[in-house]
Amino acid sequence: MVSLLDGYNVCIMAYGQTGSGKTYTMLGSPESDQLFYDDTDNSPLVAEREGIVPQSCREIFRLLDEREDDLASSLIEVSLLEIYNNEIRDLVSGQNKLETSLGPGGTIDVPSLQTRPVSSVAELMRLVRIGKRRRAEESTRIHDRSSRSHFVVTLTIALAFK
């Protein structure tokens, strides 16, 4: 996470077959859909059940607090998208069938994807819970509640130093 705040792009990805625990690893136990965060200090109320996303976000906010004296401003925004049946859906706005475009350097952009500013782990995880509820689900022979989709949580961090 230090590299992220130093200006490097960071990607954390889970890959595996249906039912192997990717969502659990990244977002935490099913109980994490309940509120496990204290808005005042980003502390988990049930830390052993949380996933990589909330743990990473907590670390980002902690590091920002450490660097507070060096920062003129900071902005953290989150977007949530789902790729399902070759369609891109915005899980923040609920908008379906988003278009993509080729960005600078060959990157793929989703221009109409909405972002929301967040100032705490609790705020971020509230948005993630909304996104999880909006995900498509379709049963498979292996797993009766499989999402069969790709869920992408993107944090964009803008820092201005003094």
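Notebook: strand E1 and the second largest pocket

I began with the lining of the second largest pocket: helix H3 (52-66) and strand E1 each supply at least two residues to the lining. I note here that the model is predicted.

Entry on the pocket. I looked up the volume and found about 190 Å³ of space in the second largest pocket. I then listed the lining, which consists of Phe-61, Leu-64, Asp-65, Glu-68, Leu-71, Ser-73, Ser-74, Leu-75, Ile-76, Val-118 and Ser-119. Which element gives the most to this lining? E1 does, with 5 residues. I sorted the lining by residue class and got 6 nonpolar, 3 polar and 2 charged residues.

Entry on the pairing of E1. E1 covers residues 71-84 and is joined by 4 bridges to strand E2, residues 87-90, with the two running antiparallel. I then checked strand E6, residues 150-161, and found 12 bridges to E1, also in the antiparallel sense. Strand E5, residues 116-117, pairs with E1 over 2 bridges, and this pairing is antiparallel.

Entry on single partners. Which residues stand opposite Glu-82? In E2 I found Arg-89 opposite Glu-82, and in E6 the bridge partner of Glu-82 is Phe-151. I also looked up Leu-81, which stands opposite Asp-90 in E2. For E5 I noted that Pro-117 stands opposite Glu-77.

Entry on the turn. I asked how many residues lie between E1 and E2 in their hairpin. There are 2, and Asn-85 in the turn has a positive phi of about 50°.

Entry on the chain. Read from the N terminus, the order of elements is α-α-α-β-β-β-β-β-α-β. The chain has 162 residues, and 35% of them count as buried. For contacts with a separation of 6 or more, I recorded that 61% are between residues 24 or more positions apart. The accessible surface of the chain is about 10,100 Å², and carbon and sulfur atoms hold 48% of that surface.

Conventions: Residues numbered from 1 in each chain as written. Predicted model: local features only at pLDDT ≥ 70, side-chain atom pairs only at ≥ 80, totals over all residues. Heavy atoms only, no water. Pairing = 2+ DSSP bridges. Buried < 20%, exposed > 50% of the residue type's maximum accessible area, 1.4 Å probe, protein only. Contact = heavy atoms within 4.5 Å. Areas by Shrake-Rupley, 256 points an atom, 1.4 Å probe, with all protein chains shown as cover. 1 Å grid on protein atoms, 1.4 Å probe; cavity = no way out; pocket = protein on both sides within 12 Å on 5 of 7 lines; lining within 4 Å. Points joined across faces, edges and corners; volume = space filled by probe spheres on them. Nonpolar A, V, L, I, M, F, W, Y, C, P; charged D, E, K, R; others polar.
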